[in-house]
Each structure stands twice: as structure tokens, then as C-alpha cells.
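Trainee: I would like to learn how to read pockets and helix packing in a model such as this one. Could we go through it slowly?

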Amino acid sequence: MKIVFDAGVLIGFSETCLLSLFKTLKENIGEFIVTKGVKAECIDRVKNNMRFKLSAFRIQDQLDNFVFKVQDGSEELDIKTKRILQLTNSLFTINNRPLKLVDFGEAESLAMLGLCKASCLAIEERTTRMIVENPHALLKILKKKHHNKNILFLENKYLKFLEEIGTVKCIRSVDLIAYAYENRLLPSFMLEKQYLKSMLYSLKFNGCSVSFNEIEDYLSSFE
Amino acid sequence: MNLINNNLDNKNYIDIENIINKIITNFNKPNLYELHRIDEQLLEQGIIDNNHEIIQLCVITYALRKLLSKKHITLNPKWKDISSKIVSALEKIKDFYIDKNYEKYNLELDNIELIIKDTDKDLGYFVTNLIHDSRNKLASSVYGYGLSLSKACSLLGAKKEQVMSIIGSTKMSDEDVAFKSINDRVKYINKNDNLERT
């Protein structure tokens, strides 16, 4: 299976010192791909900032060791990215004006899925994930946060968006760690349930969009 | 007409002149609650309009509120001069806005940001910068409003790493309805990986 990674999952793994697990995960799952934009976001943008330089070095190491393939940009990618950006940023309207929800980086990762025939997007944040999987759930959040202003979801735009990206599934860092745990791909000292729990919580506290309930439900499935 | 920036085709229906007057009044009082209401209003409008200038004014208002909440800053003998400079800069921002001089309007916004940065560096306790912290915190709020993480960061000029950490400390993910469990997603990976299972 091919997985396109958004910057958030790489940052989450780096901040929790779990980056070394990617090598084993890749060997057992398939191909891990990042766009040039994601590379720039994780490395180039922060490499001169001492607060994040270590994280940039760690992620660069993953690229140097060919754990991730950095997919070159192309005219085709640019055109598809622009189409996806245009569609995602007009899926919802507020008082008849399009609500711009998604940025270039996420749109580029979505565009890359179709171009490299990947069917899975590894993404930490909820908005893009909800647009792909459940836009009605996102509509509820938007209505709640914007105090039920006149917010509409345009189904016809969504169908066009789905045509662009094809059938896509989303996973998060916590799902990859859970997969590694279940398949005993973790180093032996990490195979304790308490270790798993601490990894899942750590990823959550570092920004993975997962709830305490989800984590506890998952852990209880081993009891 | 209440257009704020030089992109005149950008429709921002918010009374900026009135908002700046309110910022000045509530900064002088000081009324932190009202300043908070103003930064919330600006944030919501900035999101709807996808407008960096409104967001920039929001960041300034938020950071001013944070400065005012720190006694070690407001009780410092230097504060009187600093607050006069801030009010003077806010007055200039208002005048430039009224004159539709958007270039100078933006330059003055940068100037007030610099005053806040210098004040925080000189009198604050933290090595992190108040403006950057404000941007990161507000970006997490923008994410809460339903914008993507990258969009929130680019709108605020915030660092994704730090915004993710703030988001991780909030209840946002716990308030969302989960429509797929970890088990569901692991099953999907299991179904499509290279592992041979007996």
C-alpha cells in the first residue's frame, strides 16, 4: 500500500521521538510518500529556528535514509492541487460566501494521492480528514462554532472533489502505532500495554486529533 | 465604506474605525473583558473574510490584552511611556484607515507589533515572544473554528509544531464525534499491508 504523508504526522512522530519506527512500518506496509511542500514545511521552513532545528534534523534523517520518498513537483500536480484547493475552499459557504478552509499543503497532499496511485492519506489534523471522510460532521462543527450562521454544504462540489481524489482512506499517527503494536513490529521493550498507552497519549498531546475515549476504547479491546 | 485593505474587491463588512476606537478606549480603561470580545470578533471576521489585515489587528488586540494582564509589566515605571506609544500608534492606525492609506496602515500595525515585542522582551519573564505566542494561540482557535491546521497557521503566521502542541492540550478532539475508531483504521491498514498472516 502507498501512503501519502501530511506534515503533521511527521511532526507528531518527531516530537514524541518515535520517528525510528517509520523504517519498520514502511517495510511492512509499503511505500511512504511526501510532497516537496511537506518536506519544506517540516525541514526547510524551520531549519534556521533553534527551537525546531532538532526536529528538522530528525525528519531529514528519515528522508536521507529513504524511509520516505520525496515526490517531485510537476505541472500536473500543480494543476490538480489548484483544482482541489478551489473545490475544498468552496465546499462550504457562510452567508453565501465560500469559506476557505484548506491550505496549499493539504491540497497538494490530496492531489498527490491520485497522481501516485495512493489510496491512503496519513494526516493528523481533523479538517482535511473530515472533508474526505465525513463532511457533514465538519458542517456540524462549523455551524456550532459560527453560531449557526447561514452555513451551507454544497453536495455537488463535494461529488466533484471525490472525483478528483478517488477512494481515499485516512489514518493518523495513533493508528500507525496501534498497527505496529498489534503486529508486534515495535522493539520488545515497547510491547507492554502501558507503553502503548503512553505513546498514544503522547501523540494526542502533541496534536493528533484523537479523543481520550477513542484511546481508552481501543486499549479496552485488549482486556 | 468599511473596506480595510488595499484589495478593494475583498468584501469586509466590519466597522474598523469603530473597532479601533473601542480598542483604544478599552486599552486605556483597561477593560480586558471587552478587549477579549473585540479580538474574538476580529478573529471570526478574519476567518470568514480570509483576511490577513483583520487577523493582524486581532493579534495586536490579543497581545495588548495579554500585556495588560501582567502586573509586572503594567506596574513597571516604563509602562506609562509604553502605553502612550501604543495609544499613539493605534490613533495613527485609525487615521491611516480613514484616509484609506493602507500601506501606512499596515506599516503602523507592524510598528505596534514591534512595540509589544520590545516591551515583552524588556519587561517579560519568558524567552518566547508574546506576539509569536499570541499567533500560535489564535491559530489553535482558528483550527477550532474548523479551518485546517495549515490554513490556520498560514492565516496567523504561526508555527505548526507549536500550534499542534496547543491543540493537544485542548478538549477539541474530545468534543468531536468520532466516526471511525482506531480499530477500524488499523483493520484497514492490516487489510492492505504487505504482512502475511496465518
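Mentor: Let us begin with elements: helices (H or I, at least four residues) and strands (E, at least two) are DSSP runs, numbered from the N terminus. This is a predicted model, in which local features need pLDDT of at least 70 and side-chain atom pairs count only at pLDDT 80 or more, while totals for chains, interfaces and linings use all residues. Residues are numbered from 1 along each chain as its sequence is written, chains are lettered from A and ligands numbered from 1 in the order in which they are written, and side-chain values use heavy atoms, with hydrogens and water left out.

Trainee: Which element gives the largest share of the lining of the largest pocket?

Mentor: On a 1 Å grid over the protein atoms alone, a pocket is an open set of points where a 1.4 Å probe fits, with protein on both sides within 12 Å along at least five of seven lines, and lining residues have an atom within 4 Å of a point. Grid points are joined across faces, edges and corners, and a volume is the space filled by probe spheres set on the points. Here the largest pocket has a volume of about 630 Å³, and among the 29 residues lining it, K145(A), G144(B), Y145(B), M172(B) and E175(B) are the closest to its centre. The largest share of that lining, six residues, belongs to α8(A).

Trainee: How many residues of this lining are nonpolar, polar and charged?

Mentor: Ala, Val, Leu, Ile, Met, Phe, Trp, Tyr, Cys and Pro count as nonpolar, Asp, Glu, Lys and Arg as charged, and the others, Gly among them, as polar. By that scheme, the lining of the largest pocket has ten nonpolar, eight polar and eleven charged residues.

Trainee: At what angle do helices α11 and α12 of chain A pack?

Mentor: Two packed helices are described by the angle between their axes and the distance between the axes. Axes are lines fitted to C-alpha atoms, for helices over the stretch in contact, and angles run from 0 to 180 degrees between N-to-C directions. Helix α11 (residues 193–205) and helix α12 (residues 212–220) of chain A pack at about 165°, their axes being 11 Å apart. Therefore α11(A) is roughly antiparallel to α12(A), a term for angles over 145 degrees. Contact means heavy atoms within 4.5 Å, and the residues that make it include L196(A) and L200(A) of α11(A) with I215(A) and L219(A) of α12(A). By class, this contact has eight nonpolar, no polar and four charged residues.

Methods: Angles under 35 degrees count as roughly parallel, over 145 as roughly antiparallel, 65 to 115 as roughly perpendicular and the rest as oblique.
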